[in-house]
Each structure stands twice: as structure tokens, then as C-alpha cells.
Amino acid sequence: MTEIPASIEPSLSALRAAFPARFEAAPTEQALRDENAKILGKKGELTAILSQMRTVPPEARKAIGEQVNALKQAVEAAFEARLRSLARAKREQDLSAPPFDLTLPGRPPAPAGHPHPISIVRDEIVDVLVSLGFAVHDGPEVELEENNFTKLGFPPDHPATDMQDSFWVDVAGAPPGERRTLLRTHTSNVQIRAMTTHAPPMAFIAPGPTYRRDDDATHSPMFHQIECFLIDRHVTMANLKGVLAEFAERFFGAGTPVRLRPSYFPFVEPGAEVDVGCPFCKQPNGTRAGCSVCKRTGWIEILGCGMIHPVVFESCGIDPEQWTGFAFGMGIERVAMVRYGIPDLRLLFENDPRFLAQF
Ligand code: DAH
């Protein structure tokens with residue numbers, strides 16, 4: 001037999017002897033591929049041996065070449081075989097793993113949110129008044145002084161127009177001192193908005209945010225009101241009281257009494273404040289015992305009302321000899337506090353989930 005380079009023969013037999021065990025020892029597909037690359041890869045051991053073929057004398061080349069090829073095929077076959085056996089083992093393991101238990105209870109979904117108590121109460125008030133025939137009228141929160149105060153009969157020096165009470169807004173480009181603008185202090189501005197754009201008769205409600213410079217346990221600088229007004233021929237205080245009584249029945253429950261106390265608002269005459277029988281100390285016989293919520297009086301104030309003042313009609317171009325109307329304005333937070341027995345207004349604005357989850 002012809003001489004061949006001393007290094008090739010031993011390397012070949014060493015590799016031939018070692019590769020099956022090396023493949024068997026690879027625990028994962030990746031480890032197996034790494035091992036395979038160490039042998040057959042660009043810098044692999046068998047590749048290195050192949051590159052030495054040049055140095056083999058031509059007469060020995062055929063024999064050595066056959067050996068190298070045979071080894072290469074053996075390595076490839078062993079690699080494929082081990083690959084299959086690893087895949088089989090993995091499949092075996094998956095199949096024999098404890099099965100999914102389809103009878104286990106599902107994971108509860110994250111708790112669903114719900115409307116804020118102010119929105120809940122607003123929607124309920126709106127539902128009751130819409131069921132009585134009122135339509136919802138929108139109005140701006142940034143309002144002209146004339147719609148918020150002047151046309152409602154507020155005298156120019158009324159304390160409510162003070163810097164202390166209202167949030168005045170600078171409108172870019174507005175002539176100084178003219179058509180002043182503020183965040184509306186009540187929803188009564190919508191009376192003016194409606195009366196200057198609609199011909200009577202009309203019956204509207206207007207819920208929404210209102211703003212005043214106030215901040216304590218019973219006042220917030222931003223709060224909500226709902227305005228309600230009806231304009232027609234021959235409207236009387238009896239119509240007003242009828243709507244209020246029906247509202248109290250439907251919103252606070254059957255048998256809830258209403259009382260009107262004379263009061264003053266510039267845009268109504270006569271004007272009144274309205275109390276409802278306290279829902280918290282109502283006795284089985286219908287009387288009220290008095291409790292901490294109603295300050296032992298059995299009554300809770302919820303709104304201001306009255307017959308629309310002729311001055312308001314005139315400022316909107318409506319003839320007060322022909323048209324009459326009533327109006328009332330209710331504090332939504334106030335009604336929510338009464339409804340749910342909430343002791344501090346600020347709870348409604350802090351949005352503590354432990355508080356909100358109770359509604
Ligand atoms: N706008 C009044 C306020 O915010 C509430 C009010 C009183 C509204 C009498 C009315 C009304 O419509 O007739 O204090």
C-alpha cells in the first residue's frame with residue numbers, strides 16, 4: 001500500500017471512533033447541531049481533514065478519498081438519526097405530560113368599570129325628565145357674561161359677578177371690557193341660549209358642568225347642574241309644582257313629599273327653594289323622624305326654581321304678555337349625596353376606586 005500523510009489516517013480513525021458517542025451525548029437539537037457543525041462545518045474536523053487531501057500522493061488519493069467520503073456519509077446519517085430520535089423523545093414527553101384539565105374553572109376577567117356616580121345620577125334625572133316630555137338642550141361651558149348674567153336679570157354689581165365668585169376667561173382679540181367671557185356659573189345660561197334661538201312653546205333640560213370659585217366639604221370649583229324650563233301660554237306655579245312632585249316620586253321613590261320655600265333668584269318671580277322629604281329617616285307611616293343627613297329637619301334642599309321673570313323674556317325677544325314659564329336648576333352632586341348618603345362632596349372628585357366600586 002502507498003504511503004499517505006501520517007496525520008490523516010489517525011485523525012480519520014479517531015473521528016470515526018468518537019462521533020457516534022458525541023452525537024448520542026447531545027441532549028438537545030441545538031447541542032446536536034453544534035456538535036455536527038464542529039465536524040462538518042466550515043471549520044469542522046472532517047473539513048480540515050478534507051483540506052489535507054491535496055497533500056496525499058495521487059496513488060493513495062482514491063483509497064483515502066473513499067474513506068473520507070464514507071465517514072462523511074456515516075456522520076450525516078448519524079446526525080439525521082439522532083435528530084429524529086431527539087424529536088421522537090420530545091413528542092413522547094409532550095404526549096405523556098399531564099393533560100390539560102378542561103374542567104378547571106376559568107380565570108375571572110378583570111372587573112368591568114362602570115359610570116361614575118355623578119353620571120349615574122345625571123342619567124337617571126335626565127331619564128325621568130325626558131319621560132315627562134322635556135328635550136335635552138346643549139349649552140357652552142365657556143359663556144358670554146350676557147348669557148350667564150345680564151340677560152338673566154343680574155344687576156351689573158351683583159356679587160355673583162365678582163372676581164371672587166366666577167372664573168373669568170380672557171378671549172384673545174376681544175375688545176377690552178366688551179362681551180366679557182367666563183366659565184358658566186350655572187346651567188341657567190341655556191335658558192337664554194334656547195330662548196334666543198327657539199320660538200315658544202318649548203320644554204328643555206340642560207345638564208352639564210358649572211364652575212365657581214369655591215372649594216370645601218360641600219363646594220367644588222367644578223360641579224354639575226341640570227336646568228329644566230318650560231315656556232308656554234298660561235303656565236302657572238301649579239305646573240311647576242306638579243312637575244317637581246312627579247320628579248320626586250319617580251326619582252326618590254313613591255310618597256316622597258316636596259315643599260317650596262320662598263326665595264330669591266334674579267331670573268324668576270316668584271322664586272323658591274325646593275326641599276324633598278328626607279329619604280333616610282322616612283318612617284313606615286310616611287313621616288320623617290329627622291336624622292343627621294337632613295340635620296333633624298326631615299327635609300333636604302335639592303334645587304332652586306320659580307316662574308321665569310318677564311325681564312328674561314324681554315331680553316330674549318319673547319313677549320311676556322303672551323308667554324309664561326317655569327324654571328328650576330338642580331345640583332347633581334347634591335342629589336347624588338342625598339341619594340347615596342355621601343357625607344363629603346370631595347369623595348365624588350377624588351375617584352378613589354374603593355369609593356367608586358360601591359356604586
Ligand atoms: N341657577 C341657580 C343657581 O345656580 C339655580 C336656579 C334657581 C335655577 C332658580 C333656576 C331657577 O332655573 O329658577 O343657584
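Guide: Welcome! One term first: axes are lines fitted to C-alpha atoms, for helices over the stretch in contact, and angles run from 0 to 180 degrees between N-to-C directions. This is a predicted model, where local features need pLDDT of at least 70, side-chain atom pairs count only at pLDDT 80 or more, and totals for chains, interfaces and linings use all residues. Residues are numbered from 1 along each chain as its sequence is written, and side-chain values use heavy atoms, leaving out hydrogens and water.

Visitor: Okay, at what angle do helix 2 and helix 4 cross?

Guide: Roughly 175°, with the axes of helix 2 (residues 29–40) and helix 4 (residues 58–96) coming within 10 Å. Helices are DSSP runs of H or I, at least four residues, and strands are runs of E, at least two, numbered from the N terminus.

Visitor: So are they roughly parallel or antiparallel?

Guide: Roughly antiparallel, a label for angles over 145 degrees.

Visitor: Which residues make the contact?

Guide: Among them are Leu32, Arg33 and Ile39 of helix 2 and Val75, Phe79 and Leu83 of helix 4; contact means heavy atoms within 4.5 Å. The residues of this contact divide into 7 nonpolar, 1 polar and 5 charged.

Visitor: Switching topic: how many residues surround the ligand?

Guide: There are 15, and the closest are His186, Ser188, Arg212, Gln225 and Glu227; being near takes a heavy atom within 4 Å.

Definitions and conventions
Angles under 35 degrees count as roughly parallel, over 145 as roughly antiparallel, 65 to 115 as roughly perpendicular and the rest as oblique. Ala, Val, Leu, Ile, Met, Phe, Trp, Tyr, Cys and Pro count as nonpolar, Asp, Glu, Lys and Arg as charged, and the others, Gly among them, as polar.
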